[in-house]
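Welcome! Here is a short briefing to read with the structure open beside you.

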Amino acid sequence: MKKPIVLILAGGVGERLWPMSRVTAPKQLQKIYSDKSLLRETIERALTVTDIDNIFIGTNSFLRDKILQAEPNFPKNNFIIEPEAKNTCAIIALATLQFQKLFGEDAIQLVLSADAFISPVDEFQKTINIALQQVKKDNLTLLGIRPSRPETDYGYIEIDGSEKFGSYCVRNFYEKPDLLKAQ
């Protein structure tokens with residue numbers, strides 16, 4: 001199986017982490033959980049399932065320059081630059097179109113968020129490998145966690161409730177719902 005193409009979402013301004021995160025010091029480049037930035041931790045997780053040439057960062061042109069300052073060895077051409085901030089779906093769609101041109105229609109795409117805390121990494125790698133097998137059967141696989149409380153700052157995956165092979169079919173996805181829908 002070919003290694004996946006990884007898109008790391010790193011475009012947000014980090015308003016929820018203010019004052020630590022600001023336009024001049026974006027959350028992706030902050031050291032929150034360790035002595036490494038959130039972006040560096042995400043790149044290292046991605047490297048457990050693919051090669052550096054298959055890792056792309058979705059961001060804006062301003063943050064691209066900041067990221068290259070912090071990650072000077074990251075491939076300079078491996079950025080998907082969003083023309084304007086339009087949330088998650090738009091950057092994923094833009095990246096998918098570019099990946100189809102670069103890698104063909106059958107390329108497997110893995111989307112990771114640069115600001116997620118994921119531990120332990122070996123469990124992440126195991127889960128991703130299972131998902132990569134599943135995607136060959138179903139074309140689209142989403143990974144998520146059960147929320148512990150209603151939250152309007154994150155997207156929700158609604159499942160249909162019937163488990164098969166340790167996974168569920170997706171009924172719907174809600175991007176940052178209002179509080180009523182999140183409950």
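Buried means under 20% relative accessible area, exposed means over 50%, and partly exposed lies in between (1.4 Å probe, protein chains only). Helices (H or I, at least four residues) and strands (E, at least two) are DSSP runs, numbered from the N terminus. This is a predicted model, where local features need pLDDT of at least 70, side-chain atom pairs count only at pLDDT 80 or more, and totals for chains, interfaces and linings use all residues. Residues are numbered from 1 along each chain as its sequence is written, and side-chain values use heavy atoms, leaving out hydrogens and water.

**Helix 1**
- Helix 1 (residues 38–46) is largely enclosed by the rest of the structure, because 7 of its 9 residues are buried.
- Those buried residues are Leu38, Leu39, Glu41, Thr42, Ile43, Arg45 and Ala46.
- Arg40 also lies in helix 1, but counts as partly exposed at 24% relative accessibility.

**Strands**
- Strand 1 (residues 5–9) and strand 4 run parallel, joined by 5 bridges; two strands pair if DSSP finds at least two bridges between them.
- Strand 4 (residues 109–113) has a covered face, Leu110 and Leu112, and an uncovered one, Gln109, Val111 and Ser113.

**Aromatic rings**
- Rings of Phe, Tyr and Trp (its six-membered ring) pair if their centres lie within 6.5 Å, with planes under 30 degrees apart counted as stacked, over 60 as edge-to-face and the rest as tilted.
- The whole structure holds 5 aromatic pairs.
- One of them is Phe56 and Phe103, edge-to-face at 6.0 Å centre to centre and 80° between the planes.
- Phe56 lies in strand 2 (residues 55–59) and Phe103 in helix 3 (residues 87–103), so this pair ties together parts 47 residues apart in sequence.
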